[in-house]
Amino acid sequence: MDTKVKSACETCAHFNADGLKKMGIHTDNVDFVVALAGNPNTGKSTVFNSLTGLRQHTGNWPGKTVTRAEGGFEYNKQKYKLVDLPGTYSLLSTSEDEAAARDFILFGKPDVTVIVADANRLERNLNLVLQILEITDKAVLCLNLMDEAKRNHIIIDERTLARDLGIPVVATSARFSQGIPELIHTISEIANGNIICKPHRIKNVPSNIENAVKTLTAEIEKEFPNIPNSRWIAFRLLEGDTEIIKALKSGELV
């Protein structure tokens, strides 16, 4: 993985007042769209507010009772729209929250997905992280609540975690705005292609399933040459995911 993420002291020039402008609810004519995903109770809303300057601007997802929040920020003269996805433990689409989060990452094709995880409960949070990395290869792990982790004597090797996941990892304590400048800079680097992520993908799959996935993946790519995440879609089709089947038939995935 070529992350090229520098320390705060090396990149402090990127964090001046002129570099970041919180846009609040003004998200017109943006350059990039950023999804904010994570389990409930990870401080995701605090991260959202730290980036946008909002207390949260909410509305409903189309056709759902699930609420969403949107806001924006400007960094180095580029505008970013931030979409706060519903807090969820999975993307298996067994609830409206899960469906809304998964559909936006898959169909909305955000330029960057920020995955907010609780540093105190990292193992539990990694289930969602790995599911998201099956869908997108443009992501950063925001390891939040580091102040609580430190108080609980939890030590996380962020560099090793980044290497194993194949994406940048940024430690934050969003309530104190710690790590937020580094997170903004990393989002910008991914969005502009200066950081190339090579995320972890599931490899230990039984041979019969792997063969079926490879065969189906080849057929999907033959029928839809420009389709993203063909391997992940093949898994969902084998599971009989009706939403993915409908999306393929309607051309929504292409």
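**Strand pairing and helix packing in the predicted model**

In the predicted model, V34 stands opposite L82 of strand 5. Strand 2 (residues 32–38) runs parallel to strand 5 (residues 78–84), the two being joined by 5 bridges; strands count as paired if DSSP finds at least two bridges between them. Strand 2 is also joined by 5 bridges to strand 6 (residues 112–118), again in parallel, and T113 of strand 6 is the bridge partner of A35. Helices (H or I, at least four residues) and strands (E, at least two) are DSSP runs numbered from the N terminus.

Helix 1 (residues 44–52) is largely enclosed by the rest of the structure, because 7 of its 9 residues are buried. These are K44, V47, F48, N49, S50, L51 and T52. Just after helix 1, G53 adopts a positive phi of about 80 degrees.

The axes of helix 8 (residues 230–238) and helix 9 (residues 242–250) come within 8 Å and cross at roughly 120 degrees (lines fitted to C-alpha atoms over the stretch in contact, with angles from 0 to 180 degrees between N-to-C directions). The contact (heavy atoms within 4.5 Å) involves W232, I233, R236 and L237 of helix 8 and I244, I245 and L248 of helix 9.

Residues are numbered from 1 along each chain as its sequence is written. Local features require pLDDT of at least 70 and side-chain atom pairs pLDDT 80 or more, whereas totals for chains, interfaces and linings use all residues; side-chain values use heavy atoms, without hydrogens and water.

How values were computed. Buried means under 20% relative accessible area, exposed over 50%, partly exposed in between (1.4 Å probe, protein chains only).
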